[in-house]
Amino acid sequence: MAAARRHKRVAASQPGFLPLKADLDGNIADIKRRKRVNKNRKKNWNKYSDIHDVEDFLDDVRLQERATGGLISEKPDDSLFFVDLGEKEKDTRPQEEETVKKSRSSKPLRIDLILRPASHIQAPKNILAFQQPNAKKQRRIAEKAAKLAAIGVVPRRERLLQLRRAAATTRVPVKENPACNNPQTPFYDLWSAGTPETADPYYLEQTKKKRVRRPSKLNEKPSVLPAVEIIAPGASYNPDFFSHQELLREAHKVEVKKLKEEEKLQRQLAVNGEIATEESTFNEQVEGLIEEEEEEEEEEEEETEQKQPEEETEDTAVGPSATQKKKTEKQRKKEKAERIKELQKKAERQVIDRRQQLFQLRSIHANLKKQEQVTKMRRTQRKANQEAEKSMPRRLGRLKFQTPDLDVQLSDELPGSLRSLKPEGSILKDRFKSFQKRNLIEPRERAKFKRRIKVKYTEKRAFREIK
């Protein structure tokens with residue numbers, strides 16, 4: 001309390017302080033003498049503390065700042081007072097009219113004066129108004145773009161935009177649709193069954209009145225094989241002798257290949273058929289016992305050998321382990337000089353090798369020709385393999401394509417006439433295999449029917465009576 005009164009007394013006692021409020025006239029005598037109270041207790045602080053005089057003084061200071069832009073005591077005299085010298089005599093009337101016009105034009109309107117803010121204190125700066133989201137990141141990106149632009153590197157987005165602009169300039173201009181731009185075109189029924197010629201192609205595609213463009217890949221056949229293959233001439237009911245023998249030879253090759261695969265499988269799965277004797281059974285029974293005894297003896301010998309050197313080492317003094325000595329400066333300089341010499345030798349050797357290559361131009365040229373020939377041969381071979389793969393069945397599913405057996409008749413089975421010909425094969429199986437071979441469907445197996453519930457047979461009473 002005493003500090004507040006002291007602050008007010010000091011402020012009011014200053015000679016230059018001019019209060020605006022009537023209650024702050026600076027008279028110290030009007031200040032009432034307050035009751036002296038012991039303030040060593042907290043409950044007396046707010047009860048007997050009066051700071052109205054300090055608050056009034058601060059309100060007056062804030063009022064001066066709002067009204068005049070600062071304390072009146074701190075302002076110069078020129079801004080507060082002026083010397084009245086009376087009216088100046090005017091020589092000419094037009095000058096008076098000009099001054100009146102100027103004063104009228106410069107004087108603001110009354111409504112503007114009312115709406116003008118009364119406070120002369122500047123509004124606090126709104127920090128949030130100047131903040132931008134990701135400002136640091138955007139500034140870093142801009143700096144990086146400026147560095148790249150200085151080097152001559154164009155960003156990916158800008159490069160794509162330039163390519164798009166170049167493509168737009170070189171694009172063929174689209175013909176204007178007469179239905180949209182020509183007012184003399186006749187109207188057409190929107191709900192008619194037929195498609196008008198003047199309709200927009202996008203509209204026709206969306207309304208399902210025009211087919212979508214077929215992909216070019218769908219026009220390619222999955223295989224170059226014909227739908228119906230012509231059989232060999234040896235498979236005729238009355239074939240030529242040589243053509244029939246050729247067909248028999250091919251069938252023989254297929255059968256030989258199958259036999260070889262079966263024999264190979266039997267060899268892999270064959271069991272060594274040895275006859276068991278008393279000696280072999282005894283050896284099998286005693287197989288692991290003898291080895292274990294020998295291993296135990298060897299382990300005992302190793303333990304005894306290990307104990308002996310340990311006893312010897314106990315007598316000997318154990319010294320510190322040998323550590324690697326630090327290299328001296330002389331050794332390091334020597335190693336560095338050796339490394340430099342090795343690098344110089346390598347560089348000199350490379351220069352010598354390049355010079356020697358000048359005398360090997362013919363051999364290098366010949367090697368290049370050989371490599372070109374090899375690459376050409378590989379390219380032709382690769383193309384041939386690709387063409388051969390077009391006629392081969394691909395792996396479309398879990399199973400591989402199995403070539404069907406050849407329908408061959410032996411020489412003694414050949415009929416003498418068409419009436420005595422025995423039918424072989426099946427047209428349905430032939431078409432099914434043809435689809436698989438031409439990569440139209442994947443190879444399949446016949447589904448195995450598995451009964452979930454077992455069939456239970458029961459005898460009825462009537463059936464038992466018949467028995």
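**Aromatic rings**

Mentor: The count of aromatic pairs here comes to 1, where rings of Phe, Tyr and Trp (its six-membered ring) pair if their centres lie within 6.5 Å, with planes under 30 degrees apart counted as stacked, over 60 as edge-to-face and the rest as tilted. F241 and F242 form this edge-to-face pair, at 5.6 Å centre to centre and 75° between the planes. This is a predicted model, in which local features need pLDDT of at least 70 and side-chain atom pairs count only at pLDDT 80 or more, while totals for chains, interfaces and linings use all residues. Residues are numbered from 1 along each chain as its sequence is written, and side-chain values use heavy atoms, leaving out hydrogens and water.

Trainee: How is a pair of aromatic rings described?

Mentor: By the distance of the centres and the angle of the planes.

Trainee: Are F241 and F242 buried or exposed?

Mentor: Buried means under 20% relative accessible area, exposed over 50%, and partly exposed in between (1.4 Å probe, protein chains only). Both F241 and F242 are exposed.

Trainee: Why does S223 count as buried?

Mentor: S223 counts as buried because its relative accessibility is 7%. The side chain of S223 reaches the backbone oxygen of K390 at 3.3 Å. Contact means heavy atoms within 4.5 Å; beyond its neighbours within four places in sequence, S223 is in contact with K390, S391, K437, R438 and N439.

Trainee: Which residue follows just after α3 with a positive phi?

Mentor: G69, with a phi of about 85°. Helices (H or I, at least four residues) are DSSP runs, numbered from the N terminus.

Conventions: Polar contact = N/O pair within 3.5 Å; in protein donor to acceptor, adjacent residues only side chain to side chain. Helix = DSSP H or I, 4+ residues; strand = E, 2+ residues; numbered from the N terminus.
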